[in-house]
Structures are given as structure tokens and as C-alpha cells.
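Subject: Structure handover, salt bridges

Hi,

Here is the structure I promised to pass on. Please open it alongside this note.

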Amino acid sequence: MTRYQHLACLLSDRIEQGLYRSGERLPSVRTLSLEHGVSISTVQQAYHLLEEKQLIVPQPRSGYFVATRKATPPMPAITRPAQRPVEITQWESVLELLSSRTNNDVLQLGSGMPDLTQPTLKPLWKIQSRMAQKQDIDQLNYDSLLGVAALREQVARLTIDSGCQLTADDIVITTGCHEALSISIRAICQAGDIIAVESPTFHGTMQTLRGFGIRAIEIPTDSVTGISLEALELAFEQWPIKAVVVVPNCNNPLGFIMPESRKRALVTLAQRFDAAIIEDDVYGELAWEYPRPVTLKSLDHDGRVLLCSSFSKTLAPGLRVGWVAPGRYRDRVLHMKYISTGSTATQPQHAVAEFIRLGHYLPHLRRMRQVYQRNYETFSCWVRHYFPCGICVSRPQGSFLMWIELPEAFDAVRLNTELRELNMQVAVGSLFSASGKYRNCLRLNYGLPMNEHTEQAIAQLGAAVERAMLACSHESVHTSSLIT
């Protein structure tokens, strides 16, 4: 972090803590220069950064003042899904979201796409180029069903940071995290079985269950502490649940990191009812805290946790390199892998393994954590500034996804129809529910470049949300008058 960024963070913290109150004049450039022992230009850069984040405003011949801001929106309350097994819906909506992903004219405000513009990815390009020039035939051939040994060794080393003690033989390389989740589910369940899931949860998991004819029971989930263990225990007692699918670290879409005490309690609960846990840790490496949070897998002593992840969110989704540590289900997972895709593409595995071996991966991770955390600070300011009152906003602890809850009568599906005319799209909340709940919610991506174009898009989105909320209010009044 540069000096001006460090100073900007310090001033931002003082503003958030109320040491500099709304509308209050900030110290002069010269005063801060003397106080912190930095140059005047450093202070000016820091003030300019805070101005971009809309934390402060300049007034000619008077200096800088703390911006008058709306109150910070509350966090979403614990969800209340129907606690019974249901058939999965929403495929058409998911397909619509995916089909517009390749349309460069549409700004994807709600996609799960990471930032691919950072310079720390340049070594990956060079590695791939060198590999192409070598024309090594082995890289165009099949490799082991388990995956390239060099990559499995590197993945095993990386998992040490999350508290695991794995070897290369414990890892199976997959075609992205999506396949890791898919073959894990198929290794445990058959058509007609029941799986417990967080609510809301990743739409890819939902559609995997739909494709295999597996029913889902949605468990209430808190935006701070994660899945309700009390509700899950009750569900275990009422239904023959085979497995639980959770995203405990940098949850998609709520952004929380489940406290370690609750992670331990979840593993204990699964042991008590002899259920498997399928852990999606695809965003775990992007946690802002250091050291990164532990995985459920690191707390597992009898092999019932299947740890799934990939390099899609930390490096690039186009690599399609993921992995699973399947524990006691290894043989079954390998069989499902064989009948799913066979061995994973060889060349990308070698490229990722070399990127890690040469020491490029960890510096890249550190940079991306910093980028996304700074982006969140700017993005959340824009949401607070441009969105109407009456919303709830998640407080992510890592990654690049934000969940926004609007009044219950709000229809985000109808909002997306209006946004098409503006060449924008959000991820509608109903995608993240087995039964189509959360139509009044949005998932947004703050991994986008924090520039004028993105700010303008958030301003347009906020205006569209406000119009929709007013329309909902008018419809509600009209309905009430008709009933009366």
C-alpha cells in the first residue's frame, strides 16, 4: 500500500468511527502533511481518493469537508425459507443469465466474474506462451484421472493455510469447482434423495440437484453467522438428509465467514446424523482477514467432508481448473469423474502448477484481496448514495459479491427487464433459491473496475430500483383501496 493510500485508509477509518462527523471540515493539506510527515502531494492524492469514494467533498477556498451521507443500511435478517424438501426450479432464469455473459454490450453487474485485468496475471500468460513454444506433446495428451501430479502437490501445499494436512493423493483435479461439486453430489446421492442447503445459495448447486433429480431442503441462513444449526438439526430429525452443501468462507451470495465455533458444531452435527458435508471453498482464498479462515475439512477427522474449490475466482474461470479432496468418498468420486468428463484438460493444469511453483500465486492473491476490499469500500458508498432508503445490504468479509435485500413486494425479475434497455443485468435473488424465493433481492459484483462508467451504472441502477419501489408502493395502495 502506498503512502497516500495508507493515509486515505486512516482518514476513512476516522470518518467511519465518527471522529470526523458529517459536514465537518477536515484538517488542511498542510496540517496533515506536518502531522504525518508526508509531502503535500501525498495528502492531496489521499484527499482525491477519498473524494472518489464520496467520503469527502471539496469546497472552493474552504478546504475539504466530510460528505453528508445516508445512514448505513442494515444487514439482511436471517432468511425464512419453507423447511421441507422441494423440487428445484429457476433453470430458465439461470440460462438467461448465462446466455448474456458473452454479450460485451451488456454490463454484468451481478456475475461471478473476477477481475482479470491485474498485472499479477501477466506471468500466467508468459508461462502459457512458453509451454506453447515447447510443443510438448504430453500436454496435448490425456493425463491421470486424478489430475497432473505437479498440480495436486501444489494444491495440497496451498491447503495448509486453511488448516488442512493433505497430500497429492488426497486431491482429484476437476474441470472447475462446478464439476467438483457435481461429482461430489453424485458420489453420495441418487435421484429422490434429499440434500440440505443454505438459503440463499449458489444457483449452480441448485441446478446440479435439479439435473440429478435430488430434492433440496433450504435451511435458514444468517448473513453473519451462516447456516442455522438449530434449524438444520430439526431438519435432520424430520427428514433422511444425505448431505449438507455449504459455502462457509466468503459465502456466495451473502459474503459471511462462518465463525470457527459454528464450523466445529456443524461438523459434529453431521457426524451425529452420519451425513456428508460438501464444502464449497471457491472464494475462501479471497478472505480479507489473514491468516485466511479454516475450512470445515480441516476440522474433519473421519473423512465425511468433501472440500471443493478451483482457481476460477482467484485466477481465471476460463482455465477450468478445479479440485476436490473427497476424503472417504474418493473411489466413488473418481468413478463419477470418469463418467462425467474423464481426465481434465492437461495444459491448463501444468500452467497453473508452474504459476504456483514459481511463486506468482500468493502475491497475486494478496493483490486481489486488497483490490476487492478497496472496491468494496467504494462500491458500498455508491450503493448507499444512489440507492433509496429501505434496503438491507450484506457486509462481505472477502471476495467480490454483495447481496441487497429490497422491500418484500419488490420484483427484481421485472427490474431486470427494465435494465435490459440500459444494457445492464443483475443476478436476481430468486436464482439462489430452490423454490424461487428472494425475488426482492439482488446479487451485485464489485470486482468491476471502480471507474466513472461503473459509478454511472450504479447510479442508473439505483434510480431504477427507486422507480420500482415507488411503483410497488402505488400498487400496494391501489390494492388496499380496492379491498376497502
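Below is what turned up on salt bridges.

This is a predicted model: local features need pLDDT of at least 70, side-chain atom pairs count only at pLDDT 80 or more, and totals for chains, interfaces and linings use all residues. Residues are numbered from 1 along each chain as its sequence is written, and side-chain values use heavy atoms, with hydrogens and water left out.

A salt bridge here is a side-chain nitrogen of Lys or Arg within 4 Å of a carboxyl oxygen of Asp or Glu. The count comes to 19 salt bridges.

Arg21 pairs with Glu24 in one of them, with the closest N and O atoms 3.9 Å apart. Arg21 is exposed at 60% relative accessible area. Glu24 is partly exposed at 28%. (Buried is under 20% relative accessible area, exposed over 50%, partly exposed in between, with a 1.4 Å probe and protein chains only.)

Glu237 and Arg272 form a salt bridge, 3.7 Å from N to O. This pair links distant parts of the chain: Glu237 sits in helix 9 (residues 229-238) and Arg272 in helix 10 (residues 260-272), 35 residues apart. Helices (H or I, at least four residues) and strands (E, at least two) are DSSP runs, numbered from the N terminus. Arg272 is exposed, at 52%.

Asp411 and Arg439 also meet in a salt bridge, at 3.0 Å from N to O. Asp411 lies in the loop between strand 13 (401-405) and helix 14 (412-420), and Arg439 in the loop between strand 15 (427-428) and strand 16 (441-445), so the pair ties together parts 28 residues apart in sequence. Asp411 is buried at 18%. Arg439 is partly exposed at 38%.

Finally, salt bridges with shared partners join Asp274, Asp302, Arg304 and Arg328 into one network.

Best wishes
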